Number of protein chains: 2
Amino acid sequence: MSEVRPARAHRHATASDVARLAGVSQSAVSRAFTPGASIARETRARVEDAARALGYRPNAIARSLTTRRSRIIGVAAAYLQNHFYPDVLEALSKGLQARGYHLLLFTPDAARDADPLLQEVLAWQVDALILASTTLSSALAGQCRAAGIPVLLFNRTSRHADVSSVTGENLRGGRLIAEFLVAGGHQRLAFIAGIENSSTSRDREAGFTGWLAEHGHAPPLRDVGLYDFESASAAARRLLSRPDRPDAIFAANDHMATAVAEVARHEFGLRIPRDLSLVGFDDTGPARWPSFSLTSFAQPLRPMVDAAVAMVCEMIENPAAPTRHQVIPGELMVRGSARMPPEGCVSRADALVWRPVRDQAA
Amino acid sequence: MSEVRPARAHRHATASDVARLAGVSQSAVSRAFTPGASIARETRARVEDAARALGYRPNAIARSLTTRRSRIIGVAAAYLQNHFYPDVLEALSKGLQARGYHLLLFTPDAARDADPLLQEVLAWQVDALILASTTLSSALAGQCRAAGIPVLLFNRTSRHADVSSVTGENLRGGRLIAEFLVAGGHQRLAFIAGIENSSTSRDREAGFTGWLAEHGHAPPLRDVGLYDFESASAAARRLLSRPDRPDAIFAANDHMATAVAEVARHEFGLRIPRDLSLVGFDDTGPARWPSFSLTSFAQPLRPMVDAAVAMVCEMIENPAAPTRHQVIPGELMVRGSARMPPEGCVSRADALVWRPVRDQAA
DNA sequence: CCGGTTCTTGCATGCGCATGCAAGCCTATC
DNA sequence: GATAGGCTTGCATGCGCATGCAAGAACCGG
C-alpha cells in the first residue's frame, strides 16, 4: 500500500529533469536558456522540447544567486494619492519591464522612517534602488554605496549624500510662477508648501520667494500642506480666512492645488480665477480636467521617466560612474485657474504656455 | 606589487565571513538570524556583533533558494489612472509588508496579453499572485495550479477557471442603483460599461438591467467607456447628444463617472443633478471631492484589502484549500450628483446611504 | 591525409544559506 | 556520583543554476 503524499509538494521541474529527458547535461539546458551561449541548434531544439513537455521554466532565484544580478530594482513610492506617483510608477514599471527588470515595490509610511523597509529590500540584492517619494537617510546612502548598489532619487534630491537624481525644474518653475503671477497683477501672493524637508518643496519655494525678493516684492504668505489633501485644505482655509486674503496661491503641487480649489469654491464661495488665482506644479491628473483647469508648471512625465530608466541602466552597467543630477525642463502650462498676464502666452502644440516677454524671441 | 582590483566588486559579507569573525560555524550564523532557531543567547550576541561589524545582512535570494519560499508576492495592477487602484496597491503593499511579504509589481498593458509578463513573474517562485486589474487566462491559471501557486483575483472574477477572488457587491450594487434612480423619478436611464469582458462591469450591468427588467422598466441606453477617461468622455458625448438624452447615467466606476460629469457640465452646459443625475461605483478619489460629490456604490477599500491579505496568507499556508469567492458588502453612498428619492436615505456615521424603504426596518 | 581552428559539450564547482543529524555539553534527578 | 534528558553546536549536504576548463567533434586549408 503506497503512502499518500499530499499533492501540494508538486515540485517544479528543474534543469536536471529537463536534461535527463533530453539526454543532455544540465549545463546544456542552462545554455539553451542563456541567450548568446554556445549551443548547437539541434541540441537547443531538443532541450526546448523537453522543457515544454515538463513545463520547465528557469528558476530566477537560483539564477540570480549564481549571476549575482537579480534584475530586480527596488522602488519606493509613497503618496500614491497624488496622481503624479501612480503615473510615474506605471511608466517606470513599463520602461524597466521592457528592459528585463522587475520592480520590487515598497511603500514607506509617510510618517515613519523608511530605513527598516529599505534594509529588507537590500537583502534582495536588488540591482538598483529608485526612490520616488522618499528621501534616503545618509546612513542608508552610505550602505548602498558600500554595497555597490546604485541609487536614484526621482523627483527629489538629497543634501546629505551625493546621490544621483532626476527632477523637474523646481527652482526655475518657482521663479517663473512668481513672475507670472506678478505679471498678472496679483498683489498678495501665498505659497503652500509640501513636506518641509522635501527638496522638491524647498526648491519650488526658493525659486518663488527668490524671484519676488530679487524684484522688490513683499514675501508671500506661507502655509504648509504636507502634500496631503486634507492638510492642504486646512492650509487653504487658514489662508483664505485672513483679513488680508491672498489673491493668488501657488501650491507646491497639483494635488494640493486641487484641494485649494475645492475649499476656495465650495467653502468660501470664491470664483477662480476672478477672486483667486491658483497655480500648481506637476501638470497631472485631475488638475487638467476642465473643472480645475489648473495653470501648472509641468514636470513632463515621459522624459523624466525615460531619463530615470536610462540613468538606472547606466548606473547598473557602470557602478563607478559619477553621480549625476539630471534636470528635465518643463514649461508653465497656462489654463484657466489663474488670471492671465497681458502678454507672454504662447501657444505650443495644443496647449498654452507662458514665458517672460524677454524670452519671446527664443 | 599587488594587482589592482576595481573596488566595485565590493562583495557583500556572507554568513561565512561573519562566522569566521565570530569564531562560530556558518550554521550558527544562520540560526542567529532565524527566529525560533536553537541558539544560545551568548552565541547570538557574538554573531550579532560580528554581523554588525561587517555590515552583514542575510541574502534573501540564497535563503529563498533553500527554503523554497520567496516571501514575494506578484501583483499585477493596470489602470493606475483610476484612483481606486493606486489606493489598493498602497494598502495591499502595506498590509503584506506588515506580514513580511514583498510585492513584485508588474503592469500589464491594458491592450496586450498579460501572459508573457506573468510567466516572468512565475520564474521568481512567487509565493502567490494577486491580479488587481487583469484577468487570468485559463492557461495561466492552470499553470499556477500545477505549480501550486495560489492566485487571487482582486475586484475581478474569472469564469474560465475556479480561482479565488475578492470583490465588492457588484451585482447588488447595480440593482440598488437601478432602484435608487427609479425611485428618484428618472425616466431615461443609461449605463456606461467598462471593459466588456471584465466581470466587474458585467456584474454591475447585470444587476442594473436585471432589476429594471424585473420591475417592468425599459432597458437602459448603453455605451462603453473602457474604464478610460477619454473613452468614457466620448461615450458621454454620444449619450448626451441623443434626442432622447438620458436623465440619469450610471457609469461602471467613479473614474468614468467623473469623465461624464466633466463632459456634461463643460461641454453640454448641464447641471448636475438638476439636468442629469450621475451615479458611479467605487466611492474613491476625486469622486468624493465637493466638485463631483458623486453618489456612488462603495467598494470599501480597507475591508477588501484586509480580506485579500488574509486570503492570500491563508492560501499560502494551505495551498490545498478550496477556492473561495469573498464578496465585501458595500453601501450606496448618497451625495449630490443624483436627484434624491423622496425616502430611503439614512444617515450613517458621517455619510448618507440609501436603502430601499422595505429594508429600513433592518 | 594531417595539423590547426572553431564549435559543442560535459564535468566540476560554487553562489549563500538552511537544516537533519549526531556529538558534545550542561543541568536535574534519584 | 551516575544517568537521563534537554540545549547547543558543527558537519555535511543540497537548493537550482551558471560557468571556467578541457576534451571531443566537426571542419578547413594546404
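Guide: Two strands pair if DSSP finds at least two bridges between them. Helices (H or I, at least four residues) and strands (E, at least two) are DSSP runs, numbered from the N terminus. This is a predicted model, in which local features need pLDDT of at least 70 and side-chain atom pairs count only at pLDDT 80 or more, while totals for chains, interfaces and linings use all residues. Residues are numbered from 1 along each chain as its sequence is written, chains are lettered from A and ligands numbered from 1 in the order in which they are written, and side-chain values use heavy atoms, leaving out hydrogens and water.

Visitor: Which residue stands opposite B:Arg348?

Guide: In S14(B), that residue is B:Ala351. S13(B) and strand S14 (residues 351-354) of chain B pair in the antiparallel sense, with four bridges.

Visitor: What is the strand order in that sheet of chain B?

Guide: The order is S7-S6-S8-S9-S10-S12-S14-S13 in an open sheet of eight strands with mixed pairing. Its edge strands, each pairing on one side only, are strand S7 (221-224) and strand S13 (345-348) of chain B. Helix H9 (residues 199-214) of chain B packs on this sheet and touches strand S6 (189-193), S7, strand S8 (248-251) and strand S9 (277-282) of chain B. Contact here means heavy atoms within 4.5 Å. The direction of H9 makes about 165° with that of S6(B); axes are lines fitted to C-alpha atoms, for helices over the stretch in contact, and angles run from 0 to 180 degrees between N-to-C directions.

Visitor: And chain A, how many helices and strands?

Guide: Chain A has twelve helices and 14 strands. One open sheet of eight strands in chain A has the order S7-S6-S8-S9-S10-S12-S14-S13, with mixed pairing. Within this sheet, strand S9 (residues 277-282) and strand S10 (residues 295-298) of chain A run parallel and are joined by four bridges. A:Gly280 has A:Ser296 in S10(A) as its bridge partner. Helix H11 (residues 254-266) of chain A packs on the sheet, touching S6, S8, S9 and S10 of chain A, at about 155° to the direction of S9(A).

Visitor: What radius of gyration does chain A have?

Guide: Chain A has 26 Å, whereas a compact globule of 362 residues would have a value near 21 Å. The radius is taken over C-alpha atoms, and the globule rule is 2.2 Å times the number of residues to the power 0.38.

Visitor: Where does the backbone of B:Ala15 come in?

Guide: A polar backbone atom of B:Ala15 is 2.4 Å from a phosphate oxygen of DNA strand C.

Notes:
A polar contact is a pair of N or O atoms within 3.5 Å; within protein, one must be able to donate a hydrogen and the other to accept it, and residues adjacent in sequence count only if both atoms are side-chain atoms.
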